[in-house]
Number of protein chains: 2
Amino acid sequence: MSLPTLLVLRADPPPRLGRLTGRVRVRYADESALAAELPSADVLLVWDFTSDAVRAAWPGEGRRPGWVHTPSAGVDRLLCPELVASDTVVTNARGVFEEPIAEYVAGLVLAMAKDLPGTLELQRERRWRHREVLPVAGSRAVVVGAGPIGRAVASTLRALGVRTAVVGRTARPRIHGVDELDLLLTRADWVVCAAPLTESTRGMFDARRFGLMQPSARFVNVGRGQLVVEDDLMTAVAKRWIAGAALDVFAEEPLPPDSALWDVPGLIVSPHMSGDTVGWRDRLGAQFVDMFELWEAGRPLPNVVDKKRGYVPVHD
Amino acid sequence: MSLPTLLVLRADPPPRLGRLTGRVRVRYADESALAAELPSADVLLVWDFTSDAVRAAWPGEGRRPGWVHTPSAGVDRLLCPELVASDTVVTNARGVFEEPIAEYVAGLVLAMAKDLPGTLELQRERRWRHREVLPVAGSRAVVVGAGPIGRAVASTLRALGVRTAVVGRTARPRIHGVDELDLLLTRADWVVCAAPLTESTRGMFDARRFGLMQPSARFVNVGRGQLVVEDDLMTAVAKRWIAGAALDVFAEEPLPPDSALWDVPGLIVSPHMSGDTVGWRDRLGAQFVDMFELWEAGRPLPNVVDKKRGYVPVHD
């Protein structure tokens, strides 16, 4: 019996696949070699999940892997019409990023409520200036995105006493439908975007929606940069339509050094790291190895993406 | 029947005492006039709770107020041997600061775990530099101070999944005695000081105790500056005995512009504001008015300080 072939889209450091020794033939490809290697692979591990190479290489001739795994929550960089239409199973890294991202969002909310950026700036100037800060308990948040990350964010905010609504594509028990979003925005202190990037969510946070928010509201994006019309957000923060924002994701990453987003007063810019707690790469590698063993045994895979919707649905 | 006299140690803005109109004779004194006014006062409201004037003015001749209220949690600035020995009842502002301070500490813990100060510094330099951050859930905290503030801090940290031990003067159910502190320090990721300042706690965080902590540990002080030997803390942070610290309180406040504490890398300095959420002064004034009405009716006062111990005991 011949060994299955696992093709890895290369990123440094490589995944730890030692547990699979002798059970799989591993081939590494960089972006340029991906198209040529695809026809001979049974499984594709998109270890460089920041790459758009799969979407570029997939269309074309030849056999295709039956299973594609991305060690990320979002699958937007992967899906092209040919992959969506194919029989190939796509899986994601559900389970790894939820709690870290929830903590990161809670940290941003508390830091903004307590004006930690202002404190650090005054400290640099050796200035003692007492300010009044905001309570977090009793404030209101709207979390957009009803997947596991959005739900984890809501759960952590609620643990801090924040009255938190979760918005998903359609209304379900304890989840508001997107048709209720505009009304919720008008009374939120915190608006957190943790939605998947799909054709229906792209650019959903635009001037109109920022205009609905309270002047005291603050916006946090840990989803994907393209969920936000960045120029509109800059206007909203710079002109004080809203009180502040924190972005961990951007339409272009790394954010170019000459981007105007770097120095909007009241806007916190971080380098797409909200989910990346120490050891995260090892956890992603171990998760893939666990899933590979299920695949090898012919058992059903977890975290299967609904390719038409563009995310892994939560079954309530 | 003559009206009782309420003496207010003046601070701006003044307390809102309108509800007591016609029921009390209010006199305002600044620090220099306090000693002369004390003999004719029935009640003293130490509205300027940052002042040491009561301790200076109290000893001396004449009648003294039967009740002294300070709109703060700590009573260390107030107590002198003559006041401790007297029949005068001392009360504090228990109930106002607990939740705000707990949120503030949680914000500092999360900000340090997620390296928000590093993010803001890199943002100023327009540098995209991904880092791995620390998880908070599952980490260990020691909260020193088993009063309502320490307990609120512990409760909020536990809500974030932090395994939190509380240390008080003596061991009780769910509270560790101070004799267990050293051992707890050796395995804590977060050490939070929320203790009252008394003769037995002054300087309790010194080189020896910072030396017991892990190199990855971080220290937060929201109690009183004098609980910490500030030079020892500076050494501990500057020489990386510990990974970082955040101080909201200082031996001298405002912290002088030439203090070396302002620019120790890894040390966050904030201007004694952890408990001061918008509207805090009004809440402190309203609390005093409520207590005044109890006093007027001859009913027992809440928040009575054990003057020998130097704080309001919690009855478990």
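In this predicted model, the 38 positive and 39 negative charges of chain A have mean positions that lie 5 Å apart. That is one way into chain A. Its build is another.

Chain A carries 10 helices and 12 strands. Its radius of gyration is 21 Å, close to the 20 Å that the globule rule gives for 316 residues, so chain A is as compact as a globular protein of that length. Along the principal axes, the C-alpha atoms of chain A fill a box of roughly 70 × 45 × 35 Å. Of its 316 residues, 54% count as buried. The accessible surface of chain A comes to about 13300 Å². Carbon and sulfur atoms account for 52% of that surface. Contacts can also be sorted by distance along the chain. Take the contacts in chain A between residues at least 6 apart in sequence: 59% of them join residues at least 24 apart.

Now bring in the partner chain. In chain A, 55 residues are in contact with 55 residues of chain B. The area buried between chain A and chain B is about 4700 Å². Of this area, carbon and sulfur atoms give 65%. Which three residues supply more than any other three of the area that chain A buries against chain B? They are Arg126(A), Trp128(A) and Trp262(A), which supply 19% of it.

Stay with chain A for one local detail. The peptide bond from Asp12(A) to Pro13(A) is cis, with omega near -10°. Pro13(A) sits in the loop between strand E1 (5-9) and strand E2 (25-29) of chain A.

Chain B has a cis bond to look at too. The peptide bond that runs from Glu253(B) to Pro254(B) is cis, and its omega is near -10°. Pro254(B) belongs to the loop between strand E11 (244-247) and E12 of chain B.

Move on to the loop between strand E12 (267-269) and helix H10 (280-296) of chain B, where Ser274(B) is found. Is Ser274(B) buried or exposed? Its relative accessible area is 2%. Buried means under 20%, so Ser274(B) is buried. Leave aside its neighbours within four places in sequence, and Ser274(B) is in contact with Pro100(B), Ile101(B), Tyr104(B), Val222(B) and Asp248(B).

His272(B) also lies in the loop between E12 and H10 of chain B. It is not a glycine, yet His272(B) has a positive phi of about 45°. At 22% relative accessibility, His272(B) counts as partly exposed.

Next comes helix H10 of chain B, where Ala286(B) is found. Ala286(B) counts as partly exposed, at 34% relative accessibility. Follow the fold from here to Leu17(B). Ala286(B) and Leu17(B) are 269 residues apart in sequence. In space, C-alpha to C-alpha, Ala286(B) and Leu17(B) are 8.0 Å apart.

One last stop is Arg174(B). Where is Arg174(B) placed? Look in the loop between strand E7 (163-168) and strand E8 (176-177) of chain B. Arg174(B) has a positive phi of about 70°, although it is not a glycine. Its relative accessibility is 70%. Exposed means over 50%, so Arg174(B) counts as exposed.

How values were computed
Residues are numbered from 1 along each chain as its sequence is written. Chains are lettered from A and ligands numbered from 1 in the order in which they are written. This is a predicted model: local features need pLDDT of at least 70, side-chain atom pairs count only at pLDDT 80 or more; totals for chains, interfaces and linings use all residues. Side-chain values use heavy atoms; hydrogens and water are left out. Helices (H or I, at least four residues) and strands (E, at least two) are DSSP runs, numbered from the N terminus. The radius of gyration is taken over C-alpha atoms; the globule rule is 2.2 Å times the number of residues to the power 0.38. Buried means under 20% relative accessible area, exposed over 50%, partly exposed in between (1.4 Å probe, protein chains only). Contact means heavy atoms within 4.5 Å. Accessible areas come from the Shrake-Rupley method with a 1.4 Å probe; for residues, only the protein chains shown count as cover. Lys and Arg count as positive and Asp and Glu as negative; His and the chain ends are not counted. The place of a charge is taken as NZ of Lys, CZ of Arg, CG of Asp or CD of Glu. Buried area is the accessible area (1.4 Å probe) that two parts lose on being put together, summed over both.
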